[in-house]
Amino acid sequence: MKRILATRLLSSLLVLWLVVTLTFVALHVAPGDPASTILDPRASQDQIELLREHYGFNDGLLSQYGTWISNCIRGDLGLSFLYQRSAANVIGSHLSATILLGGFATLLGTLSGLGLGLLAAVKRGRRTDLVIRLVGLVLYATPTFWLGLMLALLFAGGVWNWLPSAGMLSPLTAPGASPWHPAQWIDLLRHLLLPGSVLAAPLAVQISRHVRFGLEAQLELDYVTAGRSMGLSERRLLILALRNSIGPLVQVLGVWMPVLVSGAVVIEQVFSWPGLGAVAVNAISGRDYPLVLALTLLTATCVVLANLTADLVHACLDPRVRAAKEAQ
Amino acid sequence: MTDARSGYEGHRAIGASASSYVAAGILLVWALVAAGAPLFQPSQQQQALLRATDSNSISLLAPLAHGHLVPLVGRTERYTFVQSDRADGSHKQRAVSQHRFWLGTDRIGNDVAVSIARGARTSLVVGLFAALLASTVGVAVGAIAGLASPLLDAALMRLVDAMLAFPLLLLVLMLDLLFDPGLLALVLILSSAQWMGVARVVRAEMLRLRNAPFVVAARAVGARGIPLFLRHLLPNALQPILLSSLLLVGDSILLESAVSFLGFGTASELESWGRLVDAGRGFLTDAWWISAFPGLAIVMVVTALNLLGDARISAPLRRRMLWTGSARRS
């Protein structure tokens, strides 16, 4: 187990290095000059030259890369051109909103996926099952941004005016009120509901499908028949089968991280959520190298950690997997 | 079903079932719409509508709603285009034609239905070719990783891991900076962001088949290298490859629409479904149809594509594809 962990950690570090290096190369090979996005368009050639000198754009690519890597290892992610603050600071001030949204979506998606998957498995072959599968198939083919717009149209103004369609907190309740007041929580929850459920939809679909098909496969196995003949209740059998089919679910959650980030980028634009998605889009289109690098480093770390955790949890849950990994 | 024999079923990858026929029918209709899009050039009615604001000779009997320069025309009313005869000074009006915009018009008077037909060209072509190119690259990389030396395998797989560690959309937006705008650039960007799933599938299949008896036999009679791969290995791995490529078409259409929606460089000049949805964003409560119908087109096409793939994904194969990480979405 320790050996697996050590090799996995090592290869994760290698992957992180590759991610950062690929990003660095892509950003610097791309045409366009950050100096022109930082400065006023009327800036003279001398001013541009001065700025290029100041930020080190005139150094060789390799030396810029060396500087960035060595600073990064010391924990300095550089200065964002666009925000004129340290990249870490920019990320820090937007991170909590994105984590809140992502956490809410993950929780909602997992719970509703589990529930719907169980329901479909219990009613397999009947109308409920068919409806759940069909809705899942259509939801899986729905662009998140469009789903967001349509839900906003339905619930936030167009048809019914039940929920807010933009931002994280209502401007009127924000100042003055204590942040721990229940009204604040309800307000936050109301803002979370639309973007959160749009973001949760693909996860719920994936999880419900895995639960449904996994359970179906398990329920046909001999041990279930044996259990039934021994007089175990259907509920008990379902719990047994669920435990044996839950392994792949952990894997789904492992590959969920990059999907979540991509979805958040779009959804935060649609619902004006003050998170990292908008920052990422601005940073890339503004060629804000330090901020883009910091963002990719952050997201890649999350992805790698999620995969690593999923593998470990899967190995802990399922002794067969553990044995297979140790044999490798 | 196909569960028991799904391992070696390359040649019958896409077969018959009711839902497959429905899905194929939907796709065929959309392909025809895309191919016939040039026939739906803006009609005389729309040109009349466009000129309505600056010409006295042609006017439109429709309420100038919502204070836009040109009316957002609703969907179900019948509009009569009239011409007033100025020659004799009598201001007598005669009807030129009648038209009903079933899907409404956008804010500059374009028929949304026509825009969708034209957008279908971009979305379908980009989806198809991006998937094709990504699959080709994926097959090549996967085959090299699965069959060549372990060192090369490890190197290629770390590259795949690294590319997969980028959130797909951020990767695409970043690649977007590298290219000049255009259709070809969009295909290149989408395929270079999506080949990794197929590569993993192919590698896993190669590892599975590498020491299968028929491959050993083929080697024994002297088959080597690319011919061995093309004649013996590839046909037996075809089902999962075709399925992941098929799903990639839908993925690419979704991804393209997201990039277009965000208005990024390469996409911003092309008329596609994502851009149409974006165009209606500001008028959602006034004219929901501008955004709603192009999005519905995306849902229809991608559902049909997934249905086509879904009908043939057996449980073991689904598990295999999940393990190799090809089950991710944007």
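In which loop of chain A does Thr142(A) lie? In this predicted model, local features need pLDDT of at least 70 and side-chain atom pairs count only at pLDDT 80 or more, while totals for chains, interfaces and linings use all residues. Residues are numbered from 1 along each chain as its sequence is written, chains are lettered from A and ligands numbered from 1 in the order in which they are written, and side-chain values use heavy atoms, with hydrogens and water left out.

Thr142(A) lies in the loop between α6 (127–140) and α7 (144–155) of chain A; helices are DSSP runs of H or I with at least four residues, numbered from the N terminus. The relative accessibility of Thr142(A) is 11%, and the residue therefore counts as buried (under 20% relative accessible area; exposed is over 50% and partly exposed in between, with a 1.4 Å probe and protein chains only). The Thr142(A) side chain reaches the backbone oxygen of Val138(A) at 2.7 Å.

Ser272(A), with a phi of about 45°, is found in the loop between α11 (247–270) and α12 (276–285) of chain A. This serine is partly exposed, at a relative accessible area of 44%. For Arg287(A), phi is about 50°, and the residue is found in the loop between α12 and α13 (289–317) of chain A. Arg287(A) is buried, with a relative accessible area of 16%.

How values were computed
Helix = DSSP H or I, 4+ residues; strand = E, 2+ residues; numbered from the N terminus. Polar contact = N/O pair within 3.5 Å; in protein donor to acceptor, adjacent residues only side chain to side chain.
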